[in-house]
Amino acid sequence: MTAKIIFASNKLENINDQQIKQMVDKQGLGQFISAQRTAQGAMGQTMYVCTTKGDYVLKGNPLYEGQLKEEKYFIEQLHKHTDIPVPVPYILDESEDIFGWNYAIMPRLSGYHLTDKQLYEKLPYEEKVKIAERIAHTLTAFHQWRVRDCGELNPLTCSITPFQEGYQAWLYKRIYFWLQDATKYSLILPKDIAWVQHILDTSQSAFAAFSSPCFVMGDFKPGNFLIDHTKTEGWKVSGVFDFTNAYFGDPLSDLIKLVTLYIDKEEESIALHLMKTYINGCMHSYEKTEIKQRLMVHMLHQRILDWGCAKAINKVDWDNDLAFFIWASRYTEKVADFVDKIDNPSCLHQ
């Protein structure tokens with residue numbers, strides 16, 4: 001289920017303090033002090049809870065059967081096999097006696113979101129580069145969890161269900177589906193379709209050569225991780241959470257949302273450093289051409305999703321008259337250019 005695109009949510013509604021107090025008492029988390037809705041993440045499924053024992057995050061009203069059990073599995077495995085901070089212990093209550101649905105309660109992690117303007121925009125360039133480097137190391141650590149097959153986790157058995165027709169077919173079908181879906185809300189021209197098809201056709205051999213599936217967070221973005229600064233370590237990723245979209249596939253896809261963010265912020269040299277650190281760290285078994293082609297397809301996939309969503313809800317923040325292929329090609333060409341520059345030792349300062 002995790003590999004499916006989810007736009008809707010079962011938000012937390014009509015929760016009262018008495019219910020939260022009952023939950024806190026049941027889990028032995030001290031005495032209830034306060035609770036408030038979270039501003040970001042988890043599609044309205046989360047709430048901050050403060051008690052005499054600490055600060056927590058309540059997550060509930062699952063989107064599908066097994067969502068929280070699945071997330072618990074991912075978090076516990078990542079905690080076991082990496083040193084990346086994740087919210088443990090992840091306490092899962094599968095009963096529905098308090099809220100009418102099952103829920104999880106986990107520690108609230110410390111730090112700041114990368115999109116915190118009061119923090120990020122005041123940082124010197126060198127510190128932004130260091131943060132990007134730490135992000136790359138975080139993804140590298142996650143992606144050491146390698147598996148035999150690309151697929152989704154079955155939350156009931158905690159085993160991988162391989163994609164029926166293989167990873168490439170699964171990914172390409174998603175792209176075709178969301179491109180077709182975008183025609184409901186926007187004008188998709190024959191030139192757009194031909195451009196998409198060309199990228200997919202020229203990347204087939206790269207995906208055929210892909211042979212190292214691993215854990216993929218699936219939604220690695222600033223809203224789902226925190227950064228913090230300490231005197232001993234400097235900047236670091238201080239927490240990662242929300243694994244609802246995790247699956248097993250091509251790790252390069254986890255780079256896309258951060259690279260897009262840096263491109264949009266006109267911080268392309270930082271995007272380049274992120275990619276350089278990551279690719280030099282764990283992509284030694286693949287040719288640059290293969291890496292470039294896979295990244296272009298993943299960027300195309302995300303651009304189609306973002307285009308269709310923005311058009312559907314009338315929140316386009318670019319020239320609304322641009323053809324899709326013109327708008328999206330800026331990003332696919334950028335990510336390809338970054339890969340070409342990785343061997344250049346002076347590329348960070350371009």
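## A guided tour, starting at a salt bridge

Select K221 and D219 to begin: their side chains meet in a salt bridge, 3.5 Å from N to O (the term means a side-chain nitrogen of Lys or Arg within 4 Å of a carboxyl oxygen of Asp or Glu). K221 is partly exposed at 32% relative accessibility, whereas D219, at 9%, is buried (buried is under 20% relative accessible area, exposed is over 50%, and partly exposed lies in between, with a 1.4 Å probe and protein chains only).

A word before moving on: this is a predicted model, in which local features need pLDDT of at least 70 and side-chain atom pairs count only at pLDDT 80 or more, while totals for chains, interfaces and linings use all residues. Residues are numbered from 1 along each chain as its sequence is written, and side-chain values use heavy atoms, leaving out hydrogens and water.

Next, pick D250 and R294, whose side chains form a salt bridge at 2.6 Å, N to O. D250 sits in the loop between β11 (247-249) and α8 (256-264), and R294 belongs to helix α10 (residues 288-312), so this pair ties together parts 44 residues apart in sequence. Both D250 and R294 are buried. Helices (H or I, at least four residues) and strands (E, at least two) are DSSP runs, numbered from the N terminus.

For another setting, go to R148 and D149, which meet in a salt bridge of 3.3 Å, N to O. Here R148 is exposed, with 77% relative accessibility, and D149 is partly exposed at 28%. Across the whole structure, a search finds 20 salt bridges.

**The five-stranded sheet**

Now switch to cartoon view and look for an open sheet of five strands, ordered β1-β2-β3-β5-β4 with antiparallel pairing (two strands pair if DSSP finds at least two bridges between them). At its edges are β1 (32-37) and β4 (91-93), each pairing on one side only. On average, neighbouring strands here are turned by 25° against each other, direction ignored.

Zoom in on β3 (residues 54-60) and β5 (residues 103-107): these antiparallel strands are joined by five bridges. Which residue in β5 is the bridge partner of G60? Select Y103 to see that partner.

**Two helices side by side**

Select helix α6 (residues 190-202) and helix α11 (residues 324-341), whose axes come within 8 Å and cross at roughly 30° (axes are lines fitted to C-alpha atoms, for helices over the stretch in contact, with angles from 0 to 180 degrees between N-to-C directions). That makes α6 roughly parallel to α11, a label for angles under 35 degrees. From α6, display K191, D192, W195, V196 and I199, which meet F324, F325, A328, S329 and T332 of α11; contact means heavy atoms within 4.5 Å. The residues of this contact divide into six nonpolar, two polar and two charged.

**Last stop: a hairpin**

Finish at β6 (residues 151-154) and β7 (residues 159-162), an antiparallel pair with four bridges. One to highlight is N154, whose bridge partner in β7 is S159. The two strands form a hairpin with four residues between them, and C158 in the turn has a positive phi of about 55°.

Technical notes. Angles under 35 degrees count as roughly parallel, over 145 as roughly antiparallel, 65 to 115 as roughly perpendicular and the rest as oblique. Ala, Val, Leu, Ile, Met, Phe, Trp, Tyr, Cys and Pro count as nonpolar, Asp, Glu, Lys and Arg as charged, and the others, Gly among them, as polar.
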